[in-house]
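Hi everyone, thanks for coming.

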Amino acid sequence: MIIPIFITHQGCPHRCVFCNQEIATGRSAGLPSVGHVRDRIVSFLGTMEGRRERREVAFYGGTFTALPRYEQETLLRGVSPFIRGNKVDALRISTRPDAIEREGLELLSSYHVETVEVGAQSMVDEILSKSRRGHTRKDVEQSVDLLRRGGFEVGIQIMLGLPGEDIELFLMTVRRVVDLNPDFARIYPLLVMKGSPLEGLHRRGLYEPLSLVEAVEWAKEGMKLFEKAEIPVIRVGLQATDRLGAPGTVLAGPYHPGFRSLVESSIFYDMASRLVEEGSGEGDSVRFFVSPGDRSYLTGEKRENLSRLKKTYGLESIEIFSSPALPRGRVLLESSRGSFGLSRVELAGRRRARP
């Protein structure tokens, strides 16, 4: 259970080309008071009576470690009573890679911060420069090393569709992140937000965002690389909010409130396609078996995956059955040729389907 507290744009030394944190987070700029921090934690805890999930307070939306030390301590002290009272287990913060230093990490450790999310966005210096990030790939590598030495869990956030980026450069970023072996990753598609510097570039024809179809394809290929390396991707796409979905907020770009579902469905289409190619012929009738939690992904939005499979491979009929015995991320196919299976990890590693 994550209890998010937003410090929108606080501590950030740069205005990145894509930035409008107030819209992205749905929160106004400004540092929350200790009273706000405590009230928010109490409110969240009130919804968790009788539940036993691990509970973490997360400071998101700004550059936590770039705040003046006394402001960091003020916020951290606001959580301390809940740590001492065993109401909250730990804290996590997000920050920039060039705002991490050994002395600051000692402060975080003393207040039970266990997880630090690093906003890398790209691991290609040319793309970082065009995005006005103000840091380099080397800064990311050094920050991850410092965090590892400090005993922190490390997450890395990246974006797709940045100015000057193509899919190969994006996948280069993913591979370089994989080399750093973070504990988890997040992937966000770049959107043209109202009020961001990117808005002006887009209006002048200097930046063209990805289509939704392109963004899903990029994210899918990135997720395959992370899954092959057994690095969980804990978020794909921005959290849908009323403010983000309001007309005139996202001016252009691949926004979809269910972006991750589209990516997951695309992955499951690839799995089903691989199985059909190996295990059936034109005019065949096939049956798929998946975990109940994966059924909607295999079906696809508006049953698009099934329609596409039938049209592409000339199938007579397709049936899908939920099988609680199957693990998540695995698909079985039954056809006139026999039974075949494929997992997401096997798809990412391009291994052959096995019976």
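Let's start with a quick one: is Phe64 buried or exposed? Phe64 counts as buried, because its relative accessibility is 0%. By buried I mean under 20% relative accessible area, with exposed over 50% and partly exposed in between, using a 1.4 Å probe and protein chains only.

A bit of housekeeping. This is a predicted model, where local features need pLDDT of at least 70 and side-chain atom pairs count only at pLDDT 80 or more, while totals for chains, interfaces and linings use all residues. Residues are numbered from 1 along each chain as its sequence is written, and side-chain values use heavy atoms, with hydrogens and water left out.

Back to Phe64. The structure holds four aromatic pairs. For a pair, the ring centres of Phe, Tyr or Trp (its six-membered ring) lie within 6.5 Å; planes under 30 degrees apart are stacked, over 60 edge-to-face, and the rest tilted. Phe64 pairs with Phe59: the centres are 5.3 Å apart and the planes sit at 35°, so this one is tilted. Phe59 is buried too, at 0% relative accessibility.

Another tilted pair is Phe268 with Tyr297, at 5.9 Å centre to centre and 35° between the planes. Phe268 is in helix α11 and Tyr297 in helix α12 (residues 295-299), so the pair ties together parts 29 residues apart in sequence. Helices here are DSSP runs (H or I, at least four residues), strands are E runs of at least two, and both are numbered from the N terminus. Phe268 and Tyr297 are both buried.

Now, the core. A nonpolar core is a set of buried Ala, Val, Leu, Ile, Met, Phe, Trp, Tyr and Cys residues joined through side-chain atoms within 4.5 Å. The largest one has 81 residues, and Ile41, Phe59 and Phe288 have the most contacts inside it. Helix α11 (residues 259-279) gives the largest share, 10 residues. And a second, separate core of 16 residues includes Val124, Met159, Tyr188 and Ala252.

Who does Ile41 touch? Contact means heavy atoms within 4.5 Å. Skipping neighbours within four places in sequence, Ile41 is in contact with Ile3, Ile5, Val57, Val79, Phe82 and Val88.

Next, find Val331, in strand β12 (residues 330-335). Val331 has a relative accessible area of 0%, which makes it buried. Not counting residues up to four places away in sequence, its contacts include Phe268, Leu275, Phe288 and Phe340. Leu275 is 56 residues from Val331 in sequence, yet their C-alpha atoms are 8.6 Å apart.

Last stop, helix α6, residues 137-149. Its 13 residues reach 19 Å from first C-alpha to last, close to the 18 Å expected at 1.5 Å a residue (that is, 1.5 Å times one less than the number of residues). Which residues of α6 are buried? They are Val140, Ser143, Val144, Leu146 and Leu147. Covering the buried residues are, among others, α4 (102-110), β4 (113-121), β5 (153-160) and α7 (167-180). Just after α6, Gly151 takes a positive phi of about 85°.
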